[in-house]
Amino acid sequence: MSTLAQKKCKPCEGGVAPLTPAESASLLKGLKGWALADGKLGKTFDFADYYDTMAFVNATAWISHREDHHPDLVVGYNKCRVEYITHAIGGLSENDFICAAKIDALFEL
């Protein structure tokens, strides 16, 4: 499990600057398959069928609830696109990378 996955999200109500591109690029190195695009951190996960996709969506929802940090999800029959941005600051925060790492850790269970 990555170091990021072991961290907890910190409440963010705004008033702090988003990560710089260099800070985001550095944190991105700790994630596999995630990419930065349009100011968001995203990854598409592929699955065998709808059941597996929905199980992943539900597990992602549980993580999001526990961390109080919620992604945008685009759900299809056998895939799910996960995108993070910290809306309160209009950019990326460490929370986005923490949650991404926790989602990746699902596949290590």
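Trainee: Why is Thr53 called buried?

Mentor: Buried means under 20% relative accessible area, exposed means over 50%, and partly exposed lies in between, using a 1.4 Å probe and protein chains only. Thr53 has 0% relative accessibility, so Thr53 counts as buried. Keep in mind that this is a predicted model, in which local features need pLDDT of at least 70 and side-chain atom pairs count only at pLDDT 80 or more, while totals for chains, interfaces and linings use all residues. Residues are numbered from 1 along each chain as its sequence is written, and side-chain values use heavy atoms, with hydrogens and water left out.

Trainee: Where is Thr53 placed, and which residues does Thr53 touch?

Mentor: Thr53 sits in helix 2, where helices are DSSP runs of H or I with at least four residues and strands are runs of E with at least two, both numbered from the N terminus. With contact meaning heavy atoms within 4.5 Å, and not counting residues up to four places away in sequence, Thr53 touches Phe47, Val75, Gly76, Tyr77, Asn78, Lys79 and Cys80.

Trainee: How many bridges join strand 3 to strand 4?

Mentor: Four bridges link strand 3 (residues 72-75) to strand 4, again in the antiparallel sense. Asp72 stands opposite Glu83, Val74 stands opposite Arg81, and a hairpin of three residues connects strand 3 to strand 4.

Trainee: What is the order of the strands in the sheet, and which are the edge strands?

Mentor: The open sheet has four strands in the order 1-2-4-3, with antiparallel pairing. Strand 1 (35-37) and strand 3 are the edge strands, since each pairs on one side only. From one strand to the next the twist averages 30°, with axes fitted as lines to C-alpha atoms, for helices over the stretch in contact, and angles running from 0 to 180 degrees between N-to-C directions. Helix 2 (residues 50-67) lies across strand 2, strand 3 and strand 4, at about 20° to strand 4.

Trainee: Why is Val16 called partly exposed, while Asp38 and Asp68 are called exposed?

Mentor: Val16 has a relative accessible area of 48%, so Val16 is partly exposed. Asp38 stands at 78% relative accessibility and therefore counts as exposed, and Asp68, with 61%, is exposed as well. Asp38 belongs to the loop between strand 1 and strand 2, and Asp68 to the loop between helix 2 and strand 3.

Trainee: What is the phi of Asp38 and of Asp68?

Mentor: Asp38 has a positive phi of about 55° although it is not a glycine, and Asp68 also has a positive phi of about 55° without being a glycine. Most residues other than glycine have a negative phi.

Trainee: How many helices and strands does the chain have, and what makes it as compact as a globular protein of that length?

Mentor: The chain has three helices and four strands, running α-β-β-α-β-β-α from the N terminus on. Its radius of gyration is 13 Å, close to the 13 Å that the globule rule gives for 109 residues, so the chain is as compact as a globular protein of that length. That radius is taken over C-alpha atoms, and the rule is 2.2 Å times the number of residues to the power 0.38. Of the 109 residues, 38% count as buried.

Methods: Two strands pair if DSSP finds at least two bridges between them.
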